[in-house]
Amino acid sequence: SWSDPSNSESLRWMSAVCFLYARSLQQLWQASGQEVVPLGLVDSDWSGTQVEGWSTPHSLESCSATIECDDNWPQFCSDFNPQFCPSQLYNAMVVPLARVALKGFLWYQGEGNGGTNRDLYNCTFPAMVNAWRQEFSVPDASFGLVQLASWRPDTLDPGFPLIRWHLTADQGYVPNDPLTPTTTRRDTPATSTHVTSRLLERGWL
């Protein structure tokens, strides 16, 4: 059943970016005199995971992407950490929703791939997008992409900058979907309203 957004207990488990985007969109409609229509939000996420977990086996195979398994490390695929195993999140948290009629997706991920298959992200991410559109039978479904925010200004590690670049399939822009930059802000929960306002500025949905 759908949760009431006025219920703070159920709302605490909701993605802040997802909820605030929908709320801001309705406020925009109201301010412009447009009809304010109800928006159904489906929250399917797992913090700190990698794109491989959300991908189909076929899309991973097309990119020659593999994941190392090691029970001794907390962020490796294992029986205790199935969220880090290839296609596990896709099978458990995407496929069951495939019959839901939807308009689009919000995607805010990449940290988990800063050190894992980073140089394949320019293949694995577009392949995942195509697979989701096919799974939901919406070939033109919008993907609202949020780039990783600035983090650790004292490091020269190229992980996050390269993920930002690979998010565009190494083109530097996204031709058909809005790309939301957040590099002017530090990555904290307080910047969620900043992210949603930028999604609106780019006309997503």
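Tutor: A salt bridge is a side-chain nitrogen of Lys or Arg within 4 Å of a carboxyl oxygen of Asp or Glu. Keep in mind that this is a predicted model.

Student: Okay, so what makes R118 and D119 a salt bridge?

Tutor: Their side chains meet with N and O 3.4 Å apart. The cut-off is within 4 Å, so the pair counts as a salt bridge.

Student: How many salt bridges does the structure hold?

Tutor: There are 2. R12 forms one with E9, where the closest N and O atoms are also 3.4 Å apart.

Student: Why is R12 called exposed?

Tutor: Exposed means over 50% relative accessible area. R12 has 53%, so it counts as exposed.

Student: And why does E9 count as partly exposed?

Tutor: Partly exposed runs between the buried cut-off, under 20%, and the exposed one, over 50%. E9 has 46%, so it falls in between.

Student: How do you know that the span of helix α5 agrees with its number of residues?

Tutor: Helix α5 covers residues 121-135, which is 15 residues. At 1.5 Å a residue it should span 21 Å, and its end C-alpha atoms are 20 Å apart, so the two agree.

Student: Which residues of α5 are buried, and what covers them?

Tutor: Among the buried ones are Y121, F125, M128 and W132. Their cover includes α3 (57-62), α4 (88-93), β1 (104-107), β2 (142-146) and α6 (159-166).

Student: What comes just after α5?

Tutor: S137 does, with a positive phi of about 55°.

Note on methods: Residues numbered from 1 in each chain as written. Predicted model: local features only at pLDDT ≥ 70, side-chain atom pairs only at ≥ 80, totals over all residues. Heavy atoms only, no water. Buried < 20%, exposed > 50% of the residue type's maximum accessible area, 1.4 Å probe, protein only. Helix = DSSP H or I, 4+ residues; strand = E, 2+ residues; numbered from the N terminus. Expected span 1.5 Å × (residues − 1). Contact = heavy atoms within 4.5 Å.
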